[in-house]
Amino acid sequence: MPNVGRPSKDCHLCRSRRVKVQPTPFVHCDLGRPACQRCIKYGAECPGYRAPQDLIFRDDTFRAKGKRKRALDEALPQASKTTDSTHSHSPVLTSSESDVAPSLQPRPGEGASGRDSSCQISPRSSTSGVHLPLGQSINVHWTANSVSMVLHVYSALEFLQSAYRLVRDDSPLIWAAHLFSRTYVTNLQYPTSMSRQSRQESEQELGGYLGKVLSSVNSALKDPTGPFRNDVLATIWVLTNYELLAGSFTDFGPNNPWLMHTRGLYSILKSRGRRQFYVPLDRQGFWPAYNLVQIQALVTNSEMPPESSEWLDVIHQTLNENEKVNFYVAKFISRIARAQSHILDIITRRDSTAAVERYHNLIHEVADAACDINNALGSDLQSKPVDSYMLTMYWATLINVHNLVQFLINFLTHCESTNGALRPQLKLQWHYSLEIIRNSAQGILDSIPAVLGPMKTSSPVDMKVVFDAIKLIWPLTAICSVTATSSDQKQAAESTLIFIGREVGIRQALNTYNRRRDIALDVRRPRGFGQAGLAD
């Protein structure tokens, strides 16, 4: 009896269980690659899908087979004559014939085009040039483009490009690409005021992908070689960016997912030890991971890990010219992180004795760190070829530490133990820190047009801007959160963050937070300085 109806494109397991197509989430097979959501939900291994050739329903009766065989036999001599008369014939694909879903990345056994031969329909025979019957084009699931989307966003990051080129079929990096791209598309497709039902459905779907990423990472790290896999390091790094896309960084509690991912990056770097600096690809992966560890230290006002000095010493011994700016900015941030952690400790404990005794040492430590980086880099730090991100990181670090210096001075002006001879020095340093904060904030704001381009809500944003916009989140948040920046600078930073959150799709930009909630109110303003320089 001839086959009739439309063939099912579901995975083998969903077809064997006769899953019906229903609009309820996770009830039907969503055709996800490499596994559908239903299989993920029930913890089953998705067996995959049928080849496109198998989706072509034909009449397989004896009479129909004989008719097709006679037509093929008649076409072969005619095709040979055509080949002899033209000597060569290059088949041209029509739009419907060439619309075949590409695989996520090239695999062993694939052709030069990077497509899996089992997922292609050959429009013509390679030997005879005979047209073969074609079925309807297969619908492409969104996961087929998730890896290419992530690679486009991070096109400037060679480490991630290399990690995806060498990725394994069971790598968590594939699932991280699905999670990141789905979150990005959801943020752009749905406004922040989306309906509760749509939000719940999206969160449920993203939760399934996030769970798959985390379980894959945990499984990989159980193996002794897990920390040395670059795809695992890249996966955790992508997860930190996903948390910014989702806007989950709302506090500094122990369950903050962004902080947990950065601690995971530190654990992997620690496990790799000194060996990672002598393997080129591992050394490439060190810098983006270490940079996030430094940002964690700055936003939490804590010191860098004890291994940081050893890592930087090894890098300095084998320093490449293209690592020069990264190295000296990293060294500067490490020294500043140590100074600001000591300042915050004094203010939090309200230790007036330690504040008076250690004031000059702390000020000199901050000044020496700034002097050393300027002597090492000189004009290189201000030149255009330098990555704008490292420059904004440098400025944001200055804003952060000098804001704490002002808080320390404010605290000293309220302390009775502060002698009169110290007060003129405190006022001079306070205004000097104010100047540095505002100059650094202006430097960050002036770099925005070159990074983001024209911020027009009517024109679509290039996906390559996403990575640059993510790197601006912390510097712009620093401008908004400190007390010393001018109102115009705060307004410009807030406008940029709103654009990044709504137009670029990075929800963290809409979740600005006050990083000084733990600072006492009387420490936020000095006593006895008058109003000069305290207001705009």
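This is a predicted model: local features need pLDDT of at least 70, side-chain atom pairs count only at pLDDT 80 or more; totals for chains, interfaces and linings use all residues.
Local features need pLDDT of at least 70 and side-chain atom pairs count only at pLDDT 80 or more, while totals for chains, interfaces and linings use all residues. Residues are numbered from 1 along each chain as its sequence is written, and side-chain values use heavy atoms, with hydrogens and water left out.

The protein chain has 19 helices and 0 strands (DSSP runs of H or I, at least four residues, and of E, at least two, numbered from the N terminus). Of its 536 residues, 48% count as buried, meaning under 20% relative accessible area with a 1.4 Å probe, protein chains only. Take the contacts (heavy atoms within 4.5 Å) with a separation of 6 or more: 73% of them come from residues 24 or more positions apart.

Now for the first pair to look at. Helix α13 (residues 324-349) and helix α15 (residues 388-413) cross at roughly 20 degrees, and their axes come within 10 Å; axes are lines fitted to C-alpha atoms over the stretch in contact, with angles from 0 to 180 degrees between N-to-C directions. The two helices are therefore roughly parallel to each other, a label for angles under 35 degrees. Their contact includes Phe332 and Ile336 of α13 along with Tyr394 and Phe407 of α15. By class, it divides into 18 nonpolar, 4 polar and no charged residues (Ala, Val, Leu, Ile, Met, Phe, Trp, Tyr, Cys and Pro are nonpolar, Asp, Glu, Lys and Arg charged, the others, Gly among them, polar).

Further along, helix α18 (residues 465-481) packs with helix α19 (residues 487-504) at an angle of about 150 degrees, their axes 9 Å apart. Here the contact has 11 nonpolar, 3 polar and 2 charged residues.

Conventions:
Angles under 35 degrees count as roughly parallel, over 145 as roughly antiparallel, 65 to 115 as roughly perpendicular and the rest as oblique. Buried means under 20% relative accessible area, exposed over 50%, partly exposed in between (1.4 Å probe, protein chains only).
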